[in-house]
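Welcome, and thanks for taking a look at this fold with us. Have the sequence and the coordinates open side by side, and let us walk through them together.

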Amino acid sequence: MSSECLESENLREMDDEYSKLIRRMNPPRVAIDNDSCGHATVIEVYSANSHGILLQVVQVLTDLSLIITKAYISSDGGWFMDVFNVTDKDGNKIRDEEILNYIQKTLETEACSSNSLKGSVGVMPSKEDTTIELTGSDRPGLLSEVSAVLADLRCNVVNAEIWTHNARAAAVIHITDQATGCSIEDAKRLSMIKKRLGNVLTGNNSSFRAPKMTISSPGPAAMHRERRLHQMMFAARDFERLEYAKDISSRTHVTVLDCRDRDYTVVTIRSRDRPKLLFDTVCALTDMQYVVFHGTVITGRMEAYQEHYIRHVDGLPLSSEAERQRVTECLEAAIERRAWEGLVLELSTEDRFGLLSDMTRVFRENGLCIKRAEITTTKCGKAKDTFFVSDVSGNSVDSKTIDMIRQQIGQTILRVKGNLSFSPKLPQEGARSFLFGNLFKGRTFQTFKLIKSYS
């Protein structure tokens, strides 16, 4: 190592030790107030500042499914002083003492005030499963093919989250061995899983980027799943619109302006309000190596307004039009990844091996395209899965299609949220014109053996 590199490394270590000393002298302090605001619980956080701490605080609140209705952010002068107005998902104040105590304890821990951005409540994989990360080109039926391959290889999907945006797809999937219920550690078997899934991701792909995949056993450094998905989509450059989509206007409006008198760049965002909106915004800024020094978030009447004064981690504001354009595109992408106004299908039933493969096959055969999915297995063995779906053309799903699906999988296990279209005709055969759409129509999962040709 050169003397310059060694000196730089020593300086970083000294900075880390100094930051730790400051945090020990000034530990984080959290004040929770249920009296001063008539319609929300007010949470105030005071701490020594460090890169990523805003994301950590927001992550803790959103992982508890709390809705941030207002936020005031200030982190100038080495101090972090933020105020959040939060409610539960029904718009009520947080009265549960267990939740309030958890917020206080978690935000005041040493871990939260460090630079670590590890996982949080409810999203970490078990130490007994294997994690698969996939990125590639999106296409109708992709999740069905992936889950069929995993079932054929005797892999049980215990938890998963799948995002699609701008013709890209990313997934984090936690699997166990069907026979043992534990993680898969055999090198040959892991190699086979990687090969078969790689063939599925490649498919007839002739698009912009080669698919990527990693398989690993979880450890103490496993990352928060949703934050990881943001990083994966960012790495897949989903902020770059394809040619056919360049003329489509975004529903998210981002402006990036200079604030020369104070040496900041001002980012303003107007978008439809939804849960986890601030988390997605701060994820994008953090991953692009920007720091929010001051910020305001206001929501109301289904719309959200955000204003953030930012600088790069090197202390400088944005310096070029190209950089401003990139920030605009990346923030729009981060917000749109989870923006959804279409149909949501919630599946609740006893978990069993191959359930995800069977359900996604039924969806595919009935012309549904899965835009996003959250797959969860509870401790008591229940499958709680949520699918965000459209028809293959990206339009609303016909009500008769949902009736057909319910007849196939059971009337009581599927809950439908959102608006259905009511067409006098059943979906035409052309609506199933995606990969293997008609080939597997009406067949059971046991006949789904063509996937073996990938091996």
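Strand E3 (residues 67-74) and strand E11 (residues 290-300) pair in the antiparallel sense, and 5 bridges hold the pairing. Please keep in mind that this is a predicted model.

- E3 and E11 belong to an open sheet of 8 strands, ordered E1-E2-E4-E3-E11-E12-E10-E9 and paired antiparallel.
- At the edges of this sheet are strand E1 (29-33) and E9, each of which pairs on one side only.
- Direction ignored, neighbouring strands of this sheet are turned by 20° against each other on average.
- E11 and E12 make a hairpin with 2 residues between them, and arginine 301 in the turn has a positive phi of about 55°.
- Towards the other end of the strand order, E9 and E10 run antiparallel and are joined by 7 bridges.
- Leucine 257 has valine 266 in E10 as its bridge partner.

**The sheet that contains E5 and E8**

- Another open sheet has 8 strands in the order E8-E5-E7-E6-E14-E15-E13-E16, again with antiparallel pairing.
- Its edge strands are strand E8 (212-216) and strand E16 (414-417), and each of them pairs on one side only.
- From one strand to the next, the twist averages 20°.
- E5 and E8 run antiparallel, with 5 bridges joining them.
- One place to check this pairing is threonine 131, which stands opposite serine 216 in E8.

**Two buried helices**

- How many residues of helix H2 (residues 53-63) are buried? The count is 11 of the 11, so H2 is largely enclosed by the rest of the structure.
- After H2 comes serine 65, with a positive phi near 60°.
- Helix H4 (residues 142-152) has 11 of its 11 residues buried, so H4 too is largely enclosed by the rest of the structure.
- Among the buried residues of H4 are Ser144, Glu145, Ser147 and Asp152, as well as Leu142, Leu143 and Val146.
- Just after H4, arginine 154 adopts a positive phi of about 60°.

**Cavities**

- Searching the whole structure turns up 5 cavities of 30 Å³ or more.
- The largest cavity has a volume of about 220 Å³.
- Which residues lie nearest the centre of the largest cavity? They are Asp138, Leu142, Leu143, Ser144 and Ile162, out of 23 residues that line it.
- At least two lining residues of the largest cavity come from each of strand E5 (130-137), H4, strand E6 (155-165), strand E7 (168-177), helix H9 (355-365) and strand E14 (368-377).
- The lining of the largest cavity divides by class into 14 nonpolar, 6 polar and 3 charged residues.

**Cysteines**

- A search of the whole structure gives 0 disulfides.
- Cysteine 259 has a relative accessible area of 13%, so cysteine 259 counts as buried.
- Cysteine 380 has a relative accessible area of 62%, so cysteine 380 counts as exposed.

**Positive phi angles in loops**

- Aspartate 263 is not a glycine, yet its phi is positive, at about 65°.
- Aspartate 263 sits in the loop between strand E9 (253-259) and strand E10 (264-272).
- With 40% relative accessibility, aspartate 263 is classed as partly exposed.
- Lysine 276, also not a glycine, has a positive phi of about 70°.
- You will find lysine 276 in the loop between E10 and helix H7 (277-287).
- Lysine 276 has a relative accessible area of 25%, so lysine 276 is partly exposed.

Technical notes: Residues are numbered from 1 along each chain as its sequence is written. This is a predicted model: local features need pLDDT of at least 70, side-chain atom pairs count only at pLDDT 80 or more; totals for chains, interfaces and linings use all residues. Side-chain values use heavy atoms; hydrogens and water are left out. Helices (H or I, at least four residues) and strands (E, at least two) are DSSP runs, numbered from the N terminus. Buried means under 20% relative accessible area, exposed over 50%, partly exposed in between (1.4 Å probe, protein chains only). Two strands pair if DSSP finds at least two bridges between them. On a 1 Å grid over the protein atoms alone, a cavity is a set of points where a 1.4 Å probe fits but cannot get out, and a pocket is an open set with protein on both sides within 12 Å along at least five of seven lines; lining residues have an atom within 4 Å of a point. Grid points are joined across faces, edges and corners, and a volume is the space filled by probe spheres set on the points. Ala, Val, Leu, Ile, Met, Phe, Trp, Tyr, Cys and Pro count as nonpolar, Asp, Glu, Lys and Arg as charged, and the others, Gly among them, as polar. A disulfide is a pair of cysteine sulfur atoms within 2.5 Å. Axes are lines fitted to C-alpha atoms, for helices over the stretch in contact, and angles run from 0 to 180 degrees between N-to-C directions.
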